[in-house]
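Reader: I am new to this structure. Could you walk me through how to read it?
Author: Gladly, let us take a look together.

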Amino acid sequence: MTASLSSGVTPITKNYQNYQNYPISPIISSAGCLIIGDEVLNGKILDTNSFQFAKFCFNDLSIPLKRTIVCGDDKQDIFRSLKFLLEEDKVDFIVSSGGLGSTHDDITYQVISEYYNLDYELDNEVVERMQSIRHEYLDKLSNDQLQAFYKMATLPKTSNGINVEKIFTDESLWFPIIVIDYKLYILPGIPQLFERLIKSLQPILLPRIPNQDKSLLKRYYIKTSSSESELAPYLTQLQINLDKKYGNGIIKLGSYPHMAWKLNTISIITTNNELTKDDLNKTILNDIIENIGGNAQLIDQIEEDKLTNELPETINKL
């Protein structure tokens, strides 16, 4: 079940948290994403939140997204998934999406409270915001229905030495972002809300990212009509050479076929902010263009998105 989290009713501003004053805590150098919902696993809905989060990490935060996990509305599945991100991947920043509604299968808050051994109780501030923003709707509910709605205001609380914060980044929403132990950010699964709230987190997260004045991740694209099989030997050897010169994972090469366009694009991602585009042109980009054939040329993100998401006019006319 999805619930409306906003309304045209004028919202309260009492206790509205100025997110620019959110406390700066341990640094963030990597991210993980936990998508929670049976409806994703059984094909009922298409998950777009992990895609939006990956773009946010790369483009807005310039940090690597190590892993995305999709799990069901199941306590043990959520436990295992969260433990893997925290203990195996050791990420500094996790976003979860989904399982925050008012029905029986919406268990995210409760399960995460159990995982961290936190108190789990009705939050009066959120109830107050609910009443201010959604009072016309809430007044029509029976007592049982109202209690079900209040399930969405029943939250983990700071306890047992684990810090829990509520962040209200939008005055038109009663819904907070819950942050546990400065690492786990719990967001709703509704795509429009998820994307809106993720973007609102940027000013909170950037102070926790080292060297934020320098983009850590940079990506370049080269398109070519050469096939992947023709490209493979050259790219394989080039990746070996780059790993020896700069270290494993500092510069990553990849390729992606755009079958409808009869083109391939090569992506070059660098995590070394000391390497300028001029350096890359001299040492890598020009070398690739000169060696792969197929009228190879450097393209920007806009053209890459067009090749990925659109079809040639000749196909559209069929």
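**Reading helices, strands and rings**

Author: Helices α3 and α4 are oblique to each other. Keep in mind that this is a predicted model. Helix α3 spans residues 75–88 and helix α4 residues 108–116; they pack at an angle of about 55°, with their axes 10 Å apart.

Reader: Which residues make the contact between α3 and α4?

Author: From α3 come K75, I78, F79, L82, K83, L86 and E87, and from α4 come V111, E114, Y115 and Y116. Sorted by class, this contact has seven nonpolar, no polar and four charged residues.

Reader: How do α5 and α6 cross?

Author: Helix α5 (residues 124–138) and helix α6 (residues 143–150) cross at roughly 140°, and their axes come within 12 Å. That makes α5 oblique to α6. Their crossing is right-handed. On the α5 side you will find V127, M130, Q131, R134, Y137 and L138, which meet L146, F149 and Y150 of α6. By class, the contact has seven nonpolar, one polar and one charged residues.

Reader: Now the strands. How do I read a sheet?

Author: Strands of a sheet pair through backbone hydrogen bonds, and the pairing is either parallel or antiparallel. Here, four strands form an open sheet in the order β10-β11-β9-β12, with antiparallel pairing.

Reader: Which strands are at the edges?

Author: Those are β10 (251–258) and β12 (297–299), each of which pairs on one side only. On average, neighbouring strands of this sheet are turned by 30° against each other, direction ignored.

Reader: How many bridges join β9 to β11?

Author: Seven bridges join β9 (residues 218–224) to β11 (residues 263–270), and the two strands run antiparallel. To find your place, look for Y220, which stands opposite I268 in β11. Then look for helix α9 (residues 228–246), which lies across β9, β10 and β11 and runs at about 165° to β10.

Reader: And the aromatic rings: how many pairs are there?

Author: A search of the whole structure finds eight aromatic pairs. One of them is F53 with F93, an edge-to-face pair at 5.6 Å centre to centre, with 65° between the planes. This pair links distant parts of the chain: F53 sits in helix α2 (residues 49–61) and F93 in strand β3 (residues 93–97), 40 residues apart.

Notes
Residues numbered from 1 in each chain as written. Predicted model: local features only at pLDDT ≥ 70, side-chain atom pairs only at ≥ 80, totals over all residues. Heavy atoms only, no water. Pairing = 2+ DSSP bridges. Axes fitted to C-alpha atoms, helices over the stretch in contact; angles between N-to-C directions. Contact = heavy atoms within 4.5 Å. Parallel < 35°, antiparallel > 145°, perpendicular 65-115°, else oblique. Nonpolar A, V, L, I, M, F, W, Y, C, P; charged D, E, K, R; others polar. Phe/Tyr/Trp six-rings, centres within 6.5 Å; stacked < 30°, edge-to-face > 60°. Left-handed = near helix turned anticlockwise from the far one by under 90°.
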